[in-house]
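Visitor: Hi, I'm new to this one. Could you put it up and walk me through it?

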Amino acid sequence: MSSLLFPLLILALLVPMFLGMRKQKKALAVTAEMQDSLQVGDRVQTTAGLYATIESMNEDTVDLEIAPGVVTTWSRLVIRERVIESVDTESVDEDLDSEFEESTSDTEIRLTKES
């Protein structure tokens with residue numbers, strides 16, 4: 001019985017480690033593909049959390065504009081993700097506010113019904 005226990009223990013430790021390595025390799029492949037597909041003008045986030053726009057690129061480095069007129073040079077490997085611009089939330093909020101406005105008489109009726 002003890003002769004079967006040791007190989008099962010080794011197997012139980014190696015299988016999760018092998019599966020974890022496969023998952024990590026897939027994640028690295030996705031990141032490398034994203035970094036290869038970057039273009040000038042893309043909005044990106046670095047591993048340090050800096051949001052910037054790509055101004056120029058070469059094989060190993062990328063020039064990022066972090067503020068109007070401020071361009072810094074970074075290693076291409078620090079680009080964590082491409083940032084997709086979100087919808088303008090202010091215009092959405094204004095549309096929602098105008099849609100749900102109620103008159104003072106409607107407010108009085110609603111409040112007296114709830115009491």
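Visitor: How much of the protein do buried residues make up?
Guide: Of the 115 residues, 12% are buried. Buried here is under 20% relative accessible area, exposed is over 50%, and partly exposed is in between (1.4 Å probe, protein chains only). Keep in mind that this is a predicted model, where local features need pLDDT of at least 70, side-chain atom pairs count only at pLDDT 80 or more, and totals for chains, interfaces and linings use all residues. Residues are numbered from 1 along each chain as its sequence is written, and side-chain values use heavy atoms, with hydrogens and water left out.

Visitor: OK. How many helices and strands are there?
Guide: Three helices and five strands. From the N terminus on, the order is α-β-β-β-β-β-α-α. They're DSSP runs numbered from the N terminus: helices are H or I with at least four residues, strands are E with at least two.

Visitor: Which residues form the largest nonpolar core?
Guide: Eight of them: Met 34, Leu 38, Val 44, Ala 52, Ile 54, Val 62, Leu 64 and Ile 79. Strand 2 and strand 3 each supply at least two residues of this core. A nonpolar core means buried Ala, Val, Leu, Ile, Met, Phe, Trp, Tyr and Cys residues joined through side-chain atoms within 4.5 Å.

Visitor: And why would they group like that?
Guide: In soluble globular proteins, nonpolar side chains tend to be buried together.

Visitor: What does Leu 64 touch?
Guide: Leaving out residues up to four places away in sequence, its contacts include Val 44, Ala 52, Ile 54, Trp 74 and Ile 79. Contact means heavy atoms within 4.5 Å.

Visitor: Switching topic: how many salt bridges does the structure hold?
Guide: One. The side chains of Asp 42 and Arg 82 meet in it, at 3.2 Å from N to O. Asp 42 lies in the loop between helix 1 and strand 1 and Arg 82 in strand 5 (residues 79–82), so the pair ties together parts that are 40 residues apart in sequence. The term needs a side-chain nitrogen of Lys or Arg within 4 Å of a carboxyl oxygen of Asp or Glu.

Visitor: Is Asp 42 buried or exposed?
Guide: Asp 42 is buried, with a relative accessible area of 16%. Arg 82 counts as partly exposed, at 33%.

Visitor: Where does Gln 35 sit?
Guide: In helix 1, residues 2–36. Gln 35 counts as buried because its relative accessibility is 9%. A polar atom of the Gln 35 side chain lies 2.8 Å from the backbone oxygen of Ile 79. Apart from neighbours within four places in sequence, Gln 35 is in contact with Arg 76, Leu 77 and Ile 79.

Visitor: What about Asp 60, buried or exposed?
Guide: Exposed, with a relative accessible area of 55%. Asp 60 is in the loop between strand 2 (51–57) and strand 3 (61–67). Beyond residues up to four places away in sequence, Asp 60 touches Trp 74, Ser 75 and Arg 76. Asp 60 and Arg 76 are 16 residues apart in sequence, with 5.6 Å from C-alpha to C-alpha.

Visitor: Last one: which residues does Thr 47 contact?
Guide: Val 78 and Arg 80, leaving aside neighbours within four places in sequence. Thr 47 is in the loop between strand 1 (43–46) and strand 2, and counts as exposed at 51% relative accessibility.

Methods
A polar contact is a pair of N or O atoms within 3.5 Å; within protein, one must be able to donate a hydrogen and the other to accept it, and residues adjacent in sequence count only if both atoms are side-chain atoms.
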